[in-house]
Amino acid sequence: MAKEKKRKAAEEAVDGDDYIEREDKKPKKQKLILASQIKNKEKRSAVYAKLKHEKRVEKHKKIKARDAASKQALELGEEPPEKMVPRTIENTRELDETVCRPDDEELFAGNDADEFSAVLKQQTAPKVLITTCRFNSSRGPAFIKELLSVIPNAQYYKRGTYELKKIVEYAKNKEFTSIIVVHTNRREPDALLLIGLPDGPTAHFRLSNLVLRKDIKNHGNPTSHEPELVLNNFTTRLGHRVGRMIQSLFPQVPNFRGRRVVTFHNQRDFIFFRHHRYVFEVKEKKEGLKDKKSKASQGKTEKKAIARLQECGPRFTLKLVSLQHGTFDTKGGEFEWVHKADMDTSRRRFFI
Amino acid sequence: MQNDDVIWDVIRHHHCSYMAKIQTGNFCRNPYNVTGICNRSSCPLANSRYATIRDHDGIFYLYMKTIERAHMPNKLWERVKLPKNYMKALEIIDKHLEYWPKLLVHKIKQRLTKMTQYRIRMVKLSKKVREKIMTVPRKEVKRESRREEKALRAAQIENVIEKELLERLIKGVYPDICNYDEEIFNKLLDKNKVEEQEEEEEEEAEVEYVEGDYEIEEEEELEDIEDMGDFLKANNFDDIEGDEDDLEEQPAKKKAYVSYPLKQDDGTEKVRRKGKKVVVEVERDEDMGNRQHNAMSNCAHQKLRFWHVFGRISRFFSRQSYQFEGIFFFFFCFRFFLCRTMIDLWFYSQEMLQRDSLLL
């Protein structure tokens, strides 16, 4: 501290300043003192507070200037200046060449020759077999019960000690279209294994953040109508495939009267599952509340059509760990996609 | 000079590094020990003539040591490979240990039996599929949970779902949700549509994948991919079909949730779904009347024609001077039709009125 003072004193001696404001943030002769370098706590916190205050003031000034400019432009009848778009991770996502394009013939050909095309074209109705890992405990059974209510035409079979490959065969004989295996770890459902049949791919998801229906406030009770499906943000080829796989679990003809919607929303490689019942309503919105000055518009009430949701059913997130071609065969199967630690190195790179 | 007793004395009463003393007794850790117990007769160090069976990679070897080689520890143990066949192995043991003390031979055969048994069991187990427990480093677990939280916040799921549902409603995917006043709703939705178009540039393009997007129409491919990618917005992708005007206005987004093929000329497809009113009503709810002509089969066409005529009649009656007669007509039909269809009819006639007034 003393050294810095002396050094500064020596420098400023040229300028002829006797006492230098140590809190001076403007770089004098390219010497910038960071607030974090001051050892005295009181002084340091004071300097830091001042710094923050200055920053805040600057920010407010900028915002005001921007608002004024846009207002002026509107009044003059010109176009308002460009609104700044905040930079988000989705905006700055790394360019992925596997993103599906609208004019991709190969994609459609692939879709037709897909394992799911039979179900998706409604040649076969989906029939789902749900089972667990060998040791099922605590939240597992409750979760499975809820899954049974979400997915129509699903059946639960106890696991016993059968090998998974045997279970796959058994299910094929009974003409199931897919198997869901709920894996429990430390008394919590931990992973979901989705196996398409007869020779569909096997997707291994990691399950997290499970909230059961009874733990949701103001939850609704689902009916047995076929639900609508909403699949969001499945952009890449891999995502497309996973999306189709999820789609093949549900019947393709929803019953709109039931007003049930099941959502799989993909965001940054996390697939969020939600289950809602919805209602369309007319909402009266008072217009012009923001603008306190123009009292004329305050009385106007605008009617807007909105949709309201009531959450029912479980809520969880999935993350794809691996996608294997063919039914379950970890040793001999061919993996289309496996998550490796290497893939997490960039924050802007997503695969689904 | 090799004196077994002296060796044993020293080992037993002082210290043997191979001895493991546990609750049930003394055990010997020496790999050449036949029985595994610390005994005078089982100690490989205290017996100058000794034999064992050891296994390397599933193959059993008979090891023998004799007093003649006691001074050459390097060449002390002689090894004979035993065949995998149990009986043959027994014969070979007998052959090599012919004049050896019976107790030792017996112990060796017992050991051989046990080892074959556990070899069989190991092979069986390795064929069975067991779950492999893998550990995940804590750093990764924490990182994943952090990222998940942020993704959840960025997702704004409820808003997205509501928007999606509204758009589907606008599209006319829902034919008969009867908990809202259809007229008001349609008006509002049209208003909403106009507002939304202004805002559309600022919205983040959500790529949505709607169930059942496999309409096999002319532009199958285009339809299918309509929901995907920023490309749609970027390239201002327009649905080429002139009929679907509203799609042109909302290029990037949704598709009618019609999950069955709407082949335009093929009446056979329709016949299958004759029972479902859904098809016809989708057409009706749309304000774009052109769509009706294309996607209908003969029977539906006839149906529509019937309602068309009906509508004209009701429109006729709804004129000022014929109000009374109109009501009578209404109730007359009421007796023959279901209530719901009557309401639909009423709305339909209102629509026709509207359209007429628009045309005028």
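Hello everyone, let's start with chain B: of its 360 residues, 42% count as buried, which here means under 20% relative accessible area, with exposed over 50% and partly exposed in between, using a 1.4 Å probe and protein chains only. This is a predicted model, so local features need pLDDT of at least 70 and side-chain atom pairs count only at 80 or more, while totals for chains, interfaces and linings use all residues. Residues are numbered from 1 along each chain as its sequence is written, chains are lettered from A and ligands numbered from 1 in written order, and side-chain values use heavy atoms, without hydrogens and water.

Chain B has 15 helices and six strands; these are DSSP runs numbered from the N terminus, helices being H or I of at least four residues and strands E of at least two.

Which residues make the nonpolar patch of about 250 Å²? They are B:I22, B:F27 and B:I37. Patch residues have over 30% relative accessible area and no salt bridge, with nonpolar side chains (Val, Leu, Ile, Met, Phe, Trp, Tyr) joined within 5 Å and like charges within 9 Å. A salt bridge puts a Lys or Arg side-chain nitrogen within 4 Å of an Asp or Glu carboxyl oxygen. Areas follow the Shrake-Rupley method with a 1.4 Å probe, and for residues only the protein chains shown count as cover. B:F27 sits in strand β2, residues 25-28 of chain B, and is partly exposed at 33% relative accessible area.

Finally, A:R347 is exposed, at 62%, and lies in the segment after β11 (334-338) of chain A.
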